[in-house]
Amino acid sequence: MNAADLASLLCSRLCHDLMSPVGALNNGIELLADETDPEMREKCLELLADSARASANKLKFFRLAFGAAGGFGEEIDTFEAQAALEGVFGPEKRIELGWMVAGDKLPKGAAKLLLNLALLAGDALVRGGRLDVGAENRDGEVELVIRAEGPRILLDPALRQTLTTGSSGDRVEPRAAGAWLAHNLASEAGGSIQLSDPESDVLLIGATLPPQG
């Protein structure tokens, strides 16, 4: 896959995730234009506020996970990464998020990898649950650990294969763009991604990135 293909896949994923909140914004505006009852107008405004917040949260997350957020520096603020992840999963209150990242900075590649792995693990909690995100930088070697636990965990085999090998067949679908990016981020840093057994009651994703430079 070349850079243009990856950009296309990431754009498709972003559009897919923004479709719902942006659609709700459009519906809310249409309802507000036709509604005269004060109570209903208030509910429309609440819908608009929720949808705008959801759109902003998703954009903030994808800017960090997929884009060039953080400028041209080599590190990303871990508090910014935490806020971005909480913005995606927190408002729904379907997933309880545990943030166990040591230090206030992570190398940019490690931070992007962490966010992409956390998104994949969170999406695998189809009925909600708990998502623990951990990272530690030991003299330049970065260890990342994601733990997902819930009533039902579903990580598509194609995503597993993409994470570990960088390929899921002849073509990569938009839903696997994050997995493909995660694999490449780990590989380019000289690291690798490990996953727990598909039959396990808990989903564990780990990655170790050796010192850079």
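The structure holds 7 salt bridges, a salt bridge being a side-chain nitrogen of Lys or Arg within 4 Å of a carboxyl oxygen of Asp or Glu. The model is predicted, so local features need pLDDT of at least 70 and side-chain atom pairs count only at pLDDT 80 or more, whereas totals for chains, interfaces and linings use all residues. Residues are numbered from 1 along each chain as its sequence is written, and side-chain values use heavy atoms, with hydrogens and water left out.

Select residues 38–65, which make up helix H2; helices (H or I, at least four residues) and strands (E, at least two) are DSSP runs, numbered from the N terminus.

Next, select arginine 63 and glutamate 80, which form a salt bridge with the closest N and O atoms 3.8 Å apart. This pair links distant parts of the chain, for arginine 63 lies in helix H2 and glutamate 80 in helix H3 (residues 78–89), 17 residues apart. Arginine 63 is partly exposed at 47% relative accessibility, and glutamate 80 is partly exposed at 29%.

Then display Asp37, Glu39, Glu42 and Glu46, which form a negative surface patch. Patches are made of residues with over 30% relative accessible area and no salt bridge; like charges are joined within 9 Å, and nonpolar side chains (Val, Leu, Ile, Met, Phe, Trp, Tyr) within 5 Å. Glutamate 46, a member of the patch, is found in helix H2 and is partly exposed, with a relative accessible area of 43%.

**Second stop: the aromatic rings**

Which residues do ring pairs link into a cluster? Select Phe61, Phe62 and Phe66 to see that cluster. The structure holds 2 aromatic pairs. Phenylalanine 61 and phenylalanine 62 form an edge-to-face pair, 5.7 Å centre to centre with 80° between the planes. The rings of phenylalanine 62 and phenylalanine 66 have centres 5.0 Å apart and planes at 35°, so that pair is tilted. Rings of Phe, Tyr and Trp (its six-membered ring) pair if their centres lie within 6.5 Å; planes under 30 degrees apart count as stacked, over 60 as edge-to-face and the rest as tilted. Phenylalanine 61 is buried, with a relative accessible area of 1%. Phenylalanine 62 is buried at 6%, and phenylalanine 66 is buried as well.

Select arginine 138 and glutamate 136, whose side chains meet in a salt bridge (3.2 Å, N to O). Arginine 138 counts as partly exposed at 44% relative accessibility, and glutamate 136 at 33%. Salt bridges that share partners also join Glu96, Arg130 and Asp132 into one network.

Finally, centre the view on aspartate 139, in the loop between strand S4 (129–138) and strand S5 (141–149). Is aspartate 139 buried or exposed? Aspartate 139 is exposed, with a relative accessible area of 79%. Most residues other than glycine have a negative phi. Phi of aspartate 139, however, is positive, near 55°.

Technical notes: Accessible areas come from the Shrake-Rupley method with a 1.4 Å probe; for residues, only the protein chains shown count as cover. Lys and Arg count as positive and Asp and Glu as negative; His and the chain ends are not counted. The place of a charge is taken as NZ of Lys, CZ of Arg, CG of Asp or CD of Glu. Buried means under 20% relative accessible area, exposed over 50%, partly exposed in between (1.4 Å probe, protein chains only).
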